[in-house]
Structures are given as structure tokens and as C-alpha cells.
Amino acid sequence: MEMERINENTIRVLIGNDDLDKRGITVLDLLGNHKQIESFFYSILEEVDKDHQFQNNDAVTFQVLPNQNGLELFISKDVDISNSEMMLGSKGGESDKRDRVSKFIDEHPDSGKSQSVGDSKTNDEFGHQKRTVILEFDQLNDFIDLAKALRLENGTSDLYLYQDKYYLVLQLFSNDPVDMVVSDEVAIANEYGRKTTVTKDLLTEYGQHLMENSALELSRYYFK
């Protein structure tokens, strides 16, 4: 395990797969067990925060980024919780978080619904088509099963955790207005997840961003 002090308020910790094995922790545990997440993060904090500058601070947050070699853990203190994204394990109460979500929906009335219910098409500045599909999963294993079955030809995949459910945001790119490859990819995805009215904006603002850009590939690597 390696520790780097980025600045006065942030510590970066590199936790290798060997370190996870020694602690009896898997990436699956960290993605699916909230209590184990918090316990693991604070055990790391105790090891790296020798002068207790972070442990004695009420506004401590954790950001975890999985990679092929293990995890990158960013520990921050004195942050504005209301403006923090993708942060896990903060000491702020769940009621505060629910209040912020409600306020966000009130201020963005279209954020909790989608005209096409989790499936929309847009064009970029070059006229290329981008299809965005958002799927909801009750269990992480349902997403893992999809990752084993779906290999994207041209697209990105992001995994979020929001209100105890998992959400996969697929962005599929094509030069052809009627692309059978994209249609097939969406059909496969729909076999494992269900469409949702939760939008990408809401997930970005209040969800926990577990895997970025290549969630399907990372899942196949970790959960063989």
C-alpha cells in the first residue's frame, strides 16, 4: 500500500490487489456492502493519518476508483459536502442526502423522468449518433451477468450506486442512423436490466460513481 499527500486536505492511497487479499476484501465487497465499505475506509484512514488531522474532522469523504491493479482511494477533509460528487462514506446523515436529492429534483423537474424512459438519441456536432441507455439493477450480480454477455463495439459504460440500486449508463456511438449493432447491444442489455426514469444528471449529482467509462470491461476483469 502506498500513500501520497496531494495537498493539505487530500490523501491519495494506492491499494494493490495483494493488499486487498491480505485484508480479506474483494472489489465485489466494496461495491455491494455499505457497512464493510465504511469499516474498510476508516481502517485505511487510521493507518495513513498518523497525526489524526483527518480522523478528527467531521467533513471527511472518500472517493474510490477501481483499476486493474487494485484501488485508488482519495481521502479528503474540510470539503463542502453539498458540492461533492462521487464521494463515499462521508459522515453526513442520510436525511441530509435525501433532502439534497429532493431539492435537486425540484430545481430540475425533468431530472426524475425521461421522454423515452432511459433510452434517448442525440447527435454530436459532426452528425454522429449517440444513443444513451440507462438500466437499473437490484443486485450487483445482475450487472455482472450482463457484463459477461455484452461487449460494446463503440461505446462507454458507467456504473453508479444510487439509493441501494445499481445503474448502468451506456453511451453507444454510430455513424448510421439505423445501426443494427447498436440495436443488438441495447436488446442484450435490456435482457439483464430494466429501463428507468432516473436520469444521468441525477446519477452524476447524487449517485456514487463506481466505475467510469469502461464498467463492463472492468467487471469482466474483476469478476471472472
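Tutor: What follows looks at the core and the elements around it. The model is predicted, with local features requiring pLDDT of at least 70 and side-chain atom pairs counted only at pLDDT 80 or more, whereas totals for chains, interfaces and linings use all residues. Residues are numbered from 1 along each chain as its sequence is written, and side-chain values rest on heavy atoms, with hydrogens and water left out.

A nonpolar core here is a set of buried Ala, Val, Leu, Ile, Met, Phe, Trp, Tyr and Cys residues joined through side-chain atoms within 4.5 Å, where buried means under 20% relative accessible area with a 1.4 Å probe, protein chains only. The largest such core has 26 residues, of which Phe 143, Leu 146, Leu 159, Leu 168, Leu 170 and Leu 216 touch the most other members. At least two residues each are supplied by β6 (129-137), α5 (140-149), β7 (155-162), β8 (165-174), α6 (180-192), β10 (208-211) and α8 (215-222), these being DSSP runs numbered from the N terminus, with helices (H or I) of at least four residues and strands (E) of at least two. The most comes from α5, which gives five residues to this core.

Leaving aside residues up to four places away in sequence, Leu 168 touches Val 133, Ile 134, Leu 135, Phe 137, Phe 143, Leu 146, Ser 157, Asp 158, Ala 215 and Leu 216, a contact being heavy atoms within 4.5 Å.

Elsewhere, an open sheet of four strands has the order β1-β2-β4-β3 with antiparallel pairing, two strands being paired if DSSP finds at least two bridges between them. Its edge strands, β1 (2-7) and β3 (61-67), each pair on one side only.

Terms used:
Buried means under 20% relative accessible area, exposed over 50%, partly exposed in between (1.4 Å probe, protein chains only).
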